[in-house]
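Q: Please go through the structure shown here and say what each label applied to it rests on.

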Amino acid sequence: MVVEIGGKPLGTGQPVYVIAEIGLNHNGDVDLAKQMIDVAASAGAQAVKFQKRTPHVSTPEHMKSVMRETPWGTMTYLDYRYRVEFNREQYVEIGDYATLRGLDWFASPWDEPSVDFLEDLGVVAHKVASASVTDIPMLRALAATGKPVILSTGMSTLEEIDAAVETLGGIGTDKLIILHATSTYPLPPREANLRTIETLRDRYVGVPIGYSGHEDGLQISLAAVALGAVAVERHLTLDRAMWGSDHSASLEPAAFQNLVSDIRILEEALGDGVKRVFPGELAPLAKLRRVAA
């Protein structure tokens, strides 16, 4: 099954769809967001992804009054959430910038008003964060848009994923992508459990399966591609030492560039599985084989 996002095909036999997860690594700064968009475009990614919240709706009640130290001083967790949110004008600016750089852009809505917000901006797809797999009302709102939906599956059981897939069923399997993920930041190799890619592919027949990673380095993401992941999402940062919860589990520009380059080499190297004698083997064949077939 092939799903189209922004006119780009995503599925088996297609180029791996690479998503640069900017998330909240922009720290509420449009210029930082644009710099990361530039990195993603220069590296050859297909998309950049953000996170959109309506803080007074999406912030759990028990967290709203918790005090947090931030670069802007001590504030409540709710005030911090407002501080790093982009408004409509800012999203228009960064969305247009991403489009001009040849990238698809979309976001993970964390509540139903955010779905409406993103729909008003005309995003080409929606992304369900792992934390939202069980938010059935929001999933219904996403299904009602008719847009492609990318579903991350971290911190979720198969039964919870089943319920999410059933809720999103209205969009059809030609618009659903599922990403294997483990929501540990950063991800230790022992928790990557990459064979789940095959489990998901067998369970949701026809649905493209990809990988969303939070690990250090590139090896696990590249192994996911070798196991058949048709999309790879990785967090992007300008500097892993920057303040913020996701920076330490993100890739800096040079590493992100290497990731995309290595994915392109790997997908070429995987080939089509048909055993043949390649042109480069003909000279060694003539030189080294003593007994002809």
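Q: What makes R101 and D38 a salt bridge?
A: The closest N and O atoms of R101 and D38 are 2.7 Å apart. A salt bridge is a side-chain nitrogen of Lys or Arg within 4 Å of a carboxyl oxygen of Asp or Glu, so a pair at that distance qualifies. The pair links distant parts of the chain, with R101 in the loop between α5 (88-100) and β7 and D38 in helix α1 (residues 30-43), 63 residues apart. This is a predicted model, in which local features need pLDDT of at least 70 and side-chain atom pairs count only at pLDDT 80 or more, while totals for chains, interfaces and linings use all residues. Residues are numbered from 1 along each chain as its sequence is written, and side-chain values use heavy atoms, with hydrogens and water left out.

Q: Why is R101 called partly exposed?
A: R101 has 34% relative accessibility. Buried means under 20% relative accessible area, exposed over 50%, and partly exposed in between (1.4 Å probe, protein chains only), so R101 is partly exposed. D38, with a relative accessible area of 23%, is partly exposed as well.

Q: How do you know that D216 and R240 form a salt bridge?
A: Their closest N and O atoms are 2.8 Å apart, which is within the 4 Å limit. D216 lies in the loop between β11 (209-213) and α10 (219-226) and R240 in the loop between β12 and α11 (253-270), so the pair ties together parts that are 24 residues apart in sequence. D216 is partly exposed at 44%, and R240 is partly exposed at 35%.

Q: What separates R264 and E267 along helix α11?
A: R264 and E267 are three residues apart in helix α11, which means about one helical turn. Helices (H or I, at least four residues) and strands (E, at least two) are DSSP runs, numbered from the N terminus. The side chains of R264 and E267 meet in a salt bridge at 2.9 Å, N to O. A search of the whole structure finds 14 salt bridges.

Q: Why is strand β7 described as largely enclosed?
A: Six of the six residues of β7 (residues 104-109) are buried, so the rest of the structure largely encloses this strand. D104, F106 and S108 point one way and W105, A107 and P109 the other, and all are buried. In a regular strand the side chains alternate between the two faces of the sheet.

Q: What makes β4 and β7 a pair of strands?
A: Strand β4 (residues 47-52) and β7 share six bridges in the parallel sense. Two strands pair if DSSP finds at least two bridges between them, so β4 and β7 meet the criterion. Q51 stands opposite S108 in β7.

Q: How do you know that β5 and β6 pair?
A: Four bridges join β5 (residues 67-70) to β6 (residues 73-76), and the two strands run antiparallel. The bridge partner of M67 in β6 is T76, and a hairpin of two residues joins β5 to β6.

Q: Why is H235 called buried?
A: H235 has a relative accessible area of 4%, which is under the limit for buried residues. H235 is found in strand β12 (residues 231-235). Not counting residues up to four places away in sequence, H235 touches E21, Y185, G213, H214, D246, A249, S250 and L251, where contact means heavy atoms within 4.5 Å.
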